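This report concerns the pockets of the structure shown below and the strands and helices around them. Please keep the sequence at hand while reading.

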Amino acid sequence: MAVRPIRITGDPVLHAPAVPVTAFDGDLRELIEDLFETMDLAPGVGLAAPQVGVPLRVFTYAWTGEDGVRVRGVAINPVLWISPVPAGVPDEDDESEGCLSFPGERFALRRAESAILQAQDADGASYELRADGWLARILQHEYDHLDGVLYTNRLDYDDQRAVAKITRKRGWGVPGRSWMPGVEHPEG
């Protein structure tokens with residue numbers, strides 16, 4: 001297992017759709033282990049393969065709900081079904097999220113409250129996971145990465161302007177920028 005550098009917004013792999021996994025082999029298992037190790041050290045609650053420079057439809061997730069139940073897994077070649085996104089302005093306290101590929105920042109974003117994830121595990125076996133609340137948000141966020149969408153792409157106009165300013169100020173928005181969990185501070 002190895003911690004991998006996390007790509008920062010502007011790297012082409014983050015902004016293009018990932019390709020389906022076709023080989024359930026040792027290389028895939030190593031990628032999954034590295035995703036978990038990198039996600040845990042970052043720390044994060046999800047990490048998609050494109051975020052570590054691998055353009056495959058794979059993401060890991062980990063969340064402990066208010067009931068104390070921990071959900072941790074890998075989604076390979078996922079399909080995500082979501083409930084309608086509620087209308088209105090997102091709540092700054094309850095609906096703010098961040099991203100390891102736009103490190104150190106949080107913006108409010110309205111997401112669907114419920115999701116159904118259909119995916120394969122590391123052995124290629126199909127499974128289904130029903131999620132509500134924050135776990136549903138995590139799944140939506142990571143699934144977006146597989147389609148080349150960062151959560152910052154979904155923000156309203158005013159927040160998009162703030163994102164652009166932060167991106168310019170930190171020298172992001174260009175290929176090749178990354179940060180290493182456990183070594184660097186995520187703000188770059």
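## The second largest pocket

In this predicted model, the second largest pocket is lined by Trp63, Gly65, Glu66, Asp67, Val69, Val71, Trp134 and Leu135. The space in this pocket amounts to about 190 Å³. Sorted by class, its lining has five nonpolar residues, two charged residues and one polar residue.

## The largest pocket

The largest pocket holds about 460 Å³ of space. Its lining consists of 23 residues, and those nearest the centre of the pocket are Gly44, Val45, Gly98, Cys99 and Arg106. Strand 5 (96-99), strand 6 (102-108) and helix 2 (133-146) are the elements that give two or more residues to this lining. Helix 2 provides the largest share, six residues.

By class, the lining of the largest pocket comprises 11 nonpolar, seven polar and five charged residues.

Five strands make up an open sheet with antiparallel pairing, in the order 2-3-4-7-8. Strand 2 (46-48) and strand 8 (126-132) are at the edges; each has a single partner strand, so one side of each is without a neighbour in the sheet. From one strand to the next, the twist averages 40 degrees.

## Strand pairing

Strand 4 and strand 7 are paired in the antiparallel sense over five bridges. Leu80 has Leu117 in strand 7 as its bridge partner.

Strand 7 (residues 114-120) also pairs with strand 8, in the antiparallel sense and over seven bridges. Ala115 has Ala131 in strand 8 as its bridge partner, and Gln118 stands opposite Glu128 in strand 8. Strand 7 and strand 8 form a hairpin in which five residues lie between the strands. Gly124, in the turn of this hairpin, has a positive phi of about 90 degrees.

## Helices on the sheet

Which strands does helix 1 lie across? Helix 1 (residues 26-41) lies across strand 2, strand 3 (58-64) and strand 4 (70-82), and runs at about 40 degrees to strand 3.

Helix 2 also packs on the sheet, where it touches strand 2, strand 3, strand 4, strand 7 and strand 8. The direction of helix 2 makes about 165 degrees with that of strand 3.

Key. Residues numbered from 1 in each chain as written. Predicted model: local features only at pLDDT ≥ 70, side-chain atom pairs only at ≥ 80, totals over all residues. Heavy atoms only, no water. 1 Å grid on protein atoms, 1.4 Å probe; cavity = no way out; pocket = protein on both sides within 12 Å on 5 of 7 lines; lining within 4 Å. Points joined across faces, edges and corners; volume = space filled by probe spheres on them. Helix = DSSP H or I, 4+ residues; strand = E, 2+ residues; numbered from the N terminus. Nonpolar A, V, L, I, M, F, W, Y, C, P; charged D, E, K, R; others polar. Pairing = 2+ DSSP bridges. Axes fitted to C-alpha atoms, helices over the stretch in contact; angles between N-to-C directions. Contact = heavy atoms within 4.5 Å.
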